[in-house]
Amino acid sequence: MPLRTEVPPSVRRFTHAERWVHRTTATLMGICVATAACLYVPQLAELVGRRYLVVTLHEWSGLLLPAPFLLGLASRAFRADLGRLNRFAAHDTAWLRAALRRRPGRPASGKFNAGQKLWAAWLAGAVLLMLGTGLLMWFTHLAPLAVRTGSTFVHDWLALALGIVIAGHIGMAVGDPEARRGMRTGFVRRDWAAREHGEWLD
């Protein structure tokens with residue numbers, strides 16, 4: 001008779017609404033990045049063709065990007081997590097110091113560590129800036145040519161930076177299967193939560 005393996009105890013990390021916001025935002029962002037690549041990389045542009053369709057997908061996915069966030073505000077858990085992401089505490093400073101010095105065993109933090117808080121703040125600012133510059137490029141009558149030229153410059157270079165940072169974000173997620181499980185199912189192992197986010201678990 002095979003021995004039964006004991007399943008480690010789990011703790012809820014994210015609600016369904018929070019996971020929906022993350023998935024929907026990731027999908028829209030993925031469409032934005034993929035269509036941008038097709039518009040700016042000649043080899044991809046030739047491979048895909050249908051430039052008008054690609055432009056339309058890019059514009060509308062960018063325009064809809066803030067929608068999951070705004071709809072998520074109806075969730076109390078999502079609003080609570082926004083509050084946590086917006087506050088830096090002593091453990092965040094210690095975590096950042098350990099990360100910058102590449103020290104192993106970074107101090108257990110709250111529900112989100114300092115790196116996640118910086119990522120969330122950077123992404124929110126980047127999305128707003130991309131949306132603003134994109135609207136100026138889309139609706140050409142809103143601003144004079146000089147402003148639209150500046151908007152195009154900012155939009156293009158920020159898009160490149162965004163692609164690089166998103167690749168880093170995905171790389172970090174690939175290296176932490178338990179964090180991915182938390183976003184996929186809403187639950188994480190209690191021992192992982194105690195190690196990585198001890199103050200939140202307490």
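Predicted model: local features only at pLDDT ≥ 70, side-chain atom pairs only at ≥ 80, totals over all residues.
1. Let's start at the helix contact. From α1, Leu-28, Ile-31, Cys-32, Thr-35, Ala-36, Cys-38 and Leu-39 come up against Arg-51, Val-54, Val-55, Leu-57, His-58, Ser-61, Gly-62 and Leu-64 of α3.

2. Helix α1 covers residues 16–40 and helix α3 residues 51–64; they pack at about 145°, and their axes lie 9 Å apart. As for handedness, α1 and α3 cross in the left-handed sense.

3. Thr-35 deserves a look of its own. Thr-35 sits in helix α1, and its neighbours, leaving aside residues up to four places away in sequence, are Val-54, Leu-57 and His-58. Is Thr-35 buried or exposed? Thr-35 counts as buried because its relative accessibility is 8%, and the cut-off for buried is under 20%.

4. Stepping back to the fold: I see 11 helices and two strands in the protein. Along the sequence the order is β-α-α-α-α-α-α-α-α-α-β-α-α. The C-alpha trace spans about 65 × 45 × 35 Å along its principal axes.

5. Of the 202 residues in the protein, 28% are buried.

6. Last, the surface. The protein's accessible surface is about 13,100 Å², and carbon and sulfur atoms account for 67% of that area.

Terms used:
Residues numbered from 1 in each chain as written. Heavy atoms only, no water. Axes fitted to C-alpha atoms, helices over the stretch in contact; angles between N-to-C directions. Helix = DSSP H or I, 4+ residues; strand = E, 2+ residues; numbered from the N terminus. Left-handed = near helix turned anticlockwise from the far one by under 90°. Contact = heavy atoms within 4.5 Å. Buried < 20%, exposed > 50% of the residue type's maximum accessible area, 1.4 Å probe, protein only. Areas by Shrake-Rupley, 256 points an atom, 1.4 Å probe, with all protein chains shown as cover.
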